[in-house]
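Open the model in your viewer and keep the selection panel handy.

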Amino acid sequence: MPKEGRHPMSLFSRLFSSEMAIDLGTANTLVYVKGRGIILNEPSVVAYHVRHGRRQVLAVGTEAKLMQGRTPENIEAIRPMRDGVIADFDVAEEMIKFFIRKVHMRSMLTRPKVIVCVPCGATPVEKRAIRQSVLSAGARRAGLIAEPIAAALGADMPIIEPTGNMVVDIGGGTSEVAVLSMGDIVYAQSVRFGGDQMDQAIVNYLRRQQNLLVGEVTAERLKTSIGTARIPDDGRGSAQRVRGRDMLHGVPKEIEVNQTQVAEALAETIQHICEAVMAALEATPPDLAADIVERGVMLTGGGALLADMDMAIREQTGLAVTIANDCLNSVALGTGLALEYEKQFRHVIDYES
Ligand SMILES: Nc1ncnc2c1ncn2[C@@H]1O[C@H](COP(=O)(O)OP(=O)(O)OP(=O)(O)O)[C@@H](O)[C@H]1O
Ligand SMILES: [Mg+2]
């Protein structure tokens with residue numbers, strides 16, 4: 001894989017490129033423009049104003065995420081992607097259209113060609129929905145690429161070589177575990193356990209253990225600030241104050257939550273991810289499995305940023321773990337590389353189904 005010259009285009013083509021790669025994530029959408037790199041990275045959220053039963057877009061992306069969980073009755077903040085696939089077609093289309101317009105300098109004079117990644121577990125119907133949304137949002141052509149291939153490419157793994165490479169992408173909606181060799185997928189599994197399930201596990205834990213009702217946004221903040229995949233050595237770790245509603249009395253309440261409690265809340269989700277890694281290793285042909293035991297696994301996606309995630313996976317699977325350099329951007333970078341070097345990767349980009 002060429003490492004240099006990731007933007008092998010003239011200045012003119014670069015400024016006016018109408019080819020882009022989109023990582024349409026459950027939590028974040030990233031857009032890579034050919035010759036320019038990643039130029040948009042925003043939460044996958046759309047806020048609507050609802051008046052007389054009609055919806056009007058109020059904000060998309062970063063601005064809309066600020067409204068999530070805090071909207072008055074006439075405003076809705078919607079996440080159109082769930083579990084890595086489109087849950088709300090109209091909202092997804094609106095969001096993709098907004099992002100394409102934002103980065104597409106030729107405005108709508110030429111419609112862009114777009115490559116978008118899809119989870120390997122997506123059904124043909126789900127794939128068709130993603131392709132259709134991208135086309136309806138203004139693309140001229142829409143190609144699909146499997147997310148693990150993109151993640152591995154973006155993490156600089158030598159997937160073209162005849163060796164076994166395992167990548168684990170822990171996103172918002174899904175974790176994708178895949179074994180790749182010679183530029184293609186040997187085994188892949190997508191499990192619906194990722195960052196969203198971790199947030200939900202924290203919500204459930206606080207409700208059950210502390211009678212405290214908190215929203216998903218508060219739970220996510222707790223996870224990203226003091227969350228950890230392992231119980232700290234002192235049995236407690238650092239702590240943070242969390243505000244919510246007392247379930248018994250219905251009044252606002254603030255309590256202190258420590259790292260051990262968050263680790264306990266997250267344990268089950270992490271175990272499911274580790275089980276998927278073990279299942280992948282067991283299903284991999286022996287010679288490739290031997291390569292993986294030797295080289296370890298590569299972690300990508302926002303979930304790789306959870307403190308001690310690598311240690312937890314190492315302890316539960318016995319495999320060495322590396323966290324990709326730019327783990328939140330790996331999939332977008334890899335989809336972008338497939339676009340830059342499309343001739344080389346034509347076999348993994350699907351324009352047809
Ligand atoms: N420091 C952190 N610790 C733990 N989790 C984190 C951290 N930073 C981000 N995350 C989580 O990573 C997730 C987002 O990761 P990512 O952008 O890779 O997902 P996505 O690509 O949108 O989702 P998917 O691939 O499932 O469609 C969110 O759930 C977010 O809370
Ligand atoms: Mg992702």
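This is a predicted model: local features need pLDDT of at least 70, side-chain atom pairs count only at pLDDT 80 or more; totals for chains, interfaces and linings use all residues.

Select Ser 181 to begin: with a relative accessible area of 10% it is buried (under 20% relative accessible area; exposed is over 50% and partly exposed is in between, with a 1.4 Å probe and protein chains only). Ser 181 belongs to strand β12, residues 175–181; helices (H or I, at least four residues) and strands (E, at least two) are DSSP runs numbered from the N terminus.

Residues are numbered from 1 along each chain as its sequence is written, chains are lettered from A and ligands numbered from 1 in the order in which they are written, and side-chain values use heavy atoms, leaving out hydrogens and water.

Next, move to Met 182, in the loop between β12 and β13 (184–191). Met 182 counts as exposed, at 58% relative accessibility, and its phi is positive, near 50°. Most residues other than glycine have a negative phi. For another such case, pick His 52, whose phi is about 50°. His 52 sits in the loop between β4 (46–51) and β5 (54–60) and is exposed, with a relative accessible area of 79%.

Now show ligand 1. It is surrounded by 21 residues, the closest being Thr 26, Ala 27, Asn 28, Glu 220 and Lys 223 (a residue is near a molecule if one of its heavy atoms lies within 4 Å of it). Which helix gives the most residues to this shell? Helix α7 (residues 216–226) does, with 3 residues. Draw distances from the ligand: one of its oxygen atoms is 2.7 Å from an N or O atom in the side chain of Lys 223, and a polar side-chain atom of Glu 147 lies 3.2 Å from an oxygen atom of ligand 1.

Last, select helix α11, residues 330–340. All 11 of its 11 residues are buried, so α11 is largely enclosed by the rest of the structure. Among them are Ser 330, Gly 334 and Glu 340.

How values were computed:
A polar contact is a pair of N or O atoms within 3.5 Å; within protein, one must be able to donate a hydrogen and the other to accept it, and residues adjacent in sequence count only if both atoms are side-chain atoms.
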